[in-house]
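Good morning, colleagues. Please look at the sequence and the structure first.

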Amino acid sequence: MPAEPFPSDCDVLVIGSGAAGLAAAVTAAWHGQKVILVEKDAVLGGATAWSGGWAWVPRNPLARRAGIIEDIEQPRTYLRHELGSHYDAER
Ligand SMILES: Cc1cc2nc3c(=O)[nH]c(=O)nc-3n(C[C@H](O)[C@H](O)[C@H](O)COP(=O)(O)OP(=O)(O)OC[C@H]3O[C@@H](n4cnc5c(N)ncnc54)[C@H](O)[C@@H]3O)c2cc1C
C-alpha cells in the first residue's frame, strides 16, 4: 500500500517538539492556523521530556497566597549567578 503523502501545506511550520515548539503549535492551532510540527528525533519531547518540569516564578501571587514567601534577594542572587556580566540590576 502506498504511503500517504506527507502534508506540505501549512500556515505555521514549527521545528521541534519541546515545550517551545508544542506551545507555539498549540497556540497557532488555537488561533485557527494550519500547523505542521516536525521533529528530528524518533520520539517527541526533546529536553523538555527529561526536565524536572519545575518553573520558578519568584514572588508570584499564587505562591504568596499559598504562604511561600521569598526574599527578593533570592531571585536576584540566582539571576546574578546565571547572567554574570549581563546582569542588569535596574531590570
Ligand atoms: C535533566 C533536565 C532537567 C531540567 N529541569 C528543568 C526544570 O525543572 N525547570 C525548568 O524550567 N527547566 C528545566 N530544564 C531545562 C528545560 O528542560 C529546557 O530549558 C526546555 O525543555 C527547553 O525547551 P525547548 O522547547 O526550547 O527545547 P527542547 O525541549 O530541547 O526541544 C527542542 C526540540 O527540537 C528538536 N529539533 C532540534 N533541531 C531540529 C531540527 N533541525 N529539525 C527538527 N527538530 C529539531 C529537538 O530534537 C527537540 O525535540 C531541565 C533540563 C534537563 C536536561
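Let me begin with tyrosine 78, which is partly exposed at 43% relative accessibility; here buried means under 20% relative accessible area, exposed over 50%, and partly exposed in between, with a 1.4 Å probe and protein chains only. This is a predicted model, in which local features need pLDDT of at least 70 and side-chain atom pairs count only at pLDDT 80 or more, while totals for chains, interfaces and linings use all residues. Residues are numbered from 1 along each chain as its sequence is written, and side-chain values use heavy atoms, with hydrogens and water left out.

How many aromatic pairs does the structure hold? There is one. Tryptophan 56 and tyrosine 78 form this pair, edge-to-face, at 5.4 Å centre to centre with 80 degrees between the planes. By definition, rings of Phe, Tyr and Trp (its six-membered ring) pair if their centres lie within 6.5 Å; planes under 30 degrees apart count as stacked, over 60 as edge-to-face and the rest as tilted. Tryptophan 56 lies in the loop between β2 (35-38) and α2 (61-65), and tyrosine 78 in helix α3 (residues 73-83), so the pair ties together parts 22 residues apart in sequence. Helices (H or I, at least four residues) and strands (E, at least two) are DSSP runs, numbered from the N terminus. Tryptophan 56 is also partly exposed, at 42%.

Leucine 79 is likewise placed in helix α3. Beyond its neighbours within four places in sequence, leucine 79 contacts Gly84 and Tyr87, contact meaning heavy atoms within 4.5 Å.
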